Amino acid sequence: MTAMTVTQLRAYPRNFLDTDDEELPDVLVDVWRHEGTNRIAKSSDKWSFFRASDTFDTVVSTQSYAKADIGDTEWDYLKAVQGDRWVLQKRAHEELAERYAFSDTSGTPVYWSEWNDSIYL
């Protein structure tokens with residue numbers, strides 16, 4: 001399969017829907033094209049240019065860490081958080097907030113969640 005040009009990508013839905021650029025303008029087709037590209041890119045984490053890792057220090061009794069404060073990477077999607085000896089298990093933030101709402105337990109974290117651009121341990 002050969003790569004399609006932007007013009008060909010714009011023409012394809014118009015030909016399929018039997019319409020023209022007045023009924024289906026470039027701006028709209030381009031939004032769909034970008035959305036499709038993003039969906040394809042996010043469907044696989046195997047491309048090395050999408051991968052990054054970084055480290056950060058934790059502080060005793062600190063539960064949340066802003067993603068913006070972790071290294072120089074912009075974290076759009078986190079796949080794993082790892083401690084010194086193991087990978088922490090990701091859970092829904094609501095589940096962990098409910099489970100530990102009235103807990104003052106300290107120690108080594110086992111779970112992590114994401115909420116509001118922060119990581120919670």
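This is a predicted model: local features need pLDDT of at least 70, side-chain atom pairs count only at pLDDT 80 or more; totals for chains, interfaces and linings use all residues.

Residues are numbered from 1 along each chain as its sequence is written, and side-chain values use heavy atoms, with hydrogens and water left out.

Stop 1: Show the strands as cartoon: four of them form an open sheet in the order 1-4-3-2, with mixed pairing. Strand 1 (64-66) and strand 2 are the edges, each with a single partner strand, so one side of each has no neighbour in the sheet. Strands (E, at least two residues) and helices (H or I, at least four) are DSSP runs numbered from the N terminus, and two strands pair if DSSP finds at least two bridges between them.

**Stop 2: strands 2 and 3.** Select 89-90 and 111-115, which pair in the parallel sense over two bridges. Lys90 has Trp112 as its bridge partner in strand 3. To get from strand 2 to strand 3, the chain goes through helix 3 (residues 93-99), and this β-α-β crossover is right-handed (clockwise from the first strand over the helix to the second, with the strands pointing away from the viewer).

**Stop 3: His93.** Stay in helix 3 and pick His93. Is His93 buried or exposed? His93 is buried, at 15% relative accessible area; the cut-offs are under 20% for buried and over 50% for exposed, partly exposed in between, with a 1.4 Å probe and protein chains only. Beyond neighbours within four places in sequence, His93 is in contact (heavy atoms within 4.5 Å) with Ser113, Glu114, Trp115 and Tyr120.

**Stop 4: the hairpin.** Ser113 has Tyr120 as its bridge partner. Two residues lie between the strands of this hairpin, and Asn116 takes a positive phi near 55 degrees.

**Stop 5: the core.** Show side chains for Ile70, Trp75, Leu78, Val81, Leu88, Trp112 and Ile119, the largest nonpolar core. Such a core is a set of buried Ala, Val, Leu, Ile, Met, Phe, Trp, Tyr and Cys residues joined through side-chain atoms within 4.5 Å. Leaving aside neighbours within four places in sequence, the contacts of Leu78 include Trp112 and Ile119.
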